[in-house]
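This briefing concerns helix packing and aromatic ring pairs. Please consult the sequence and the model displayed here.

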Amino acid sequence: MKNAYIVFKKQLKDTSRNMALCIQFVMYPVMAAILESAVKIDNMPEHFFAGMFAVMHVGMGPLCVMTAVIAEEKEKNTLRILLFGGVKPAEYLLGIGTYILSACMAGGVVFALLGEYRGKDFLVFMAVMASGIIVSMLFGAVIGIYSKSQVSATAVATPLMMVFAFLPMLGMFNKTIARAADLAYSQQIQLLFNHLQAGTAIEPKNLIVIGINFAIAAAGFTYAYRKCGLA
């Protein structure tokens, strides 16, 4: 835990000097807050922008940051130095993952306030956010480990996070896309938010699909780690 905490503090300092990564944590909550207060359209679902940008926050932010962090430290050999210095791979990932999860969940609080969630609904909303963020981080870790440079990591991560972020929104307007989107964890996150907003019961399918996505990401990470390693 000491080594993981050291990695956590290191990443906090590194991110504070990297504006591109900082933007990933604040961009979607700020945009949601602005549009929630500025845009009012007849027959629009209540807190539409809060829910939409919350899904984009889950699907893009943690995946992008995790990919960028691992790819950058591999390219600059910082990661190799950490591992040679006695930091185990699991400790490194725990430190990085805790940092990214905490930063993204801070944005989740903003979405919960914009959506006017209270009490039990607030806790459920935050739990749903956390589950999606963790899956995104695992996918990002897979890309970061496989990538040989930041450029190649970005080339792979960008289309993937666009798919996860925009599939739920496109699925609202096209039934064919909606059926394909049902396989993505981000779509199930969107549906869970809809259930919470409407006060309806959560369907087991939503949790099962998220669980399957988590299993795929975890298996991919395990394979990537064994094949490529972290250093």
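Y99 is buried (under 20% relative accessible area, with exposed over 50% and partly exposed in between; 1.4 Å probe, protein chains only), at a relative accessible area of 7%. The model is predicted: local features need pLDDT of at least 70, side-chain atom pairs count only at pLDDT 80 or more, and totals for chains, interfaces and linings use all residues. Residues are numbered from 1 along each chain as its sequence is written, and side-chain values use heavy atoms, without hydrogens and water.

**Aromatic pairs**
- The structure holds 8 aromatic pairs, meaning Phe, Tyr or Trp rings (for Trp, the six-membered ring) with centres within 6.5 Å; planes under 30 degrees apart count as stacked, over 60 as edge-to-face and the rest as tilted.
- The rings of F8 and Y99 are edge-to-face, because their centres lie 5.8 Å apart with planes at 75°.
- This pair joins F8 in helix α1 (residues 2–16) to Y99 in helix α5 (residues 89–114), 91 residues apart; helices are DSSP runs of H or I, at least four residues, numbered from the N terminus.
- F8 is partly exposed, at 21%, and F8, F25 and Y99 form one aromatic cluster.
- F125 and F193 are stacked, since their ring centres are 4.6 Å apart and their planes at 25°.
- F125 belongs to α6 and F193 to α9, so the pair ties together parts 68 residues apart in sequence.

**Helix α9**
- Helix α9 (residues 185–198) is mostly covered, with 10 of its 14 residues buried, among them F193 and L196.
- The elements covering these buried residues include α3, α6 and α10.
- G199, with a positive phi near 75°, follows α9.

Key: Helix = DSSP H or I, 4+ residues; strand = E, 2+ residues; numbered from the N terminus. Contact = heavy atoms within 4.5 Å.
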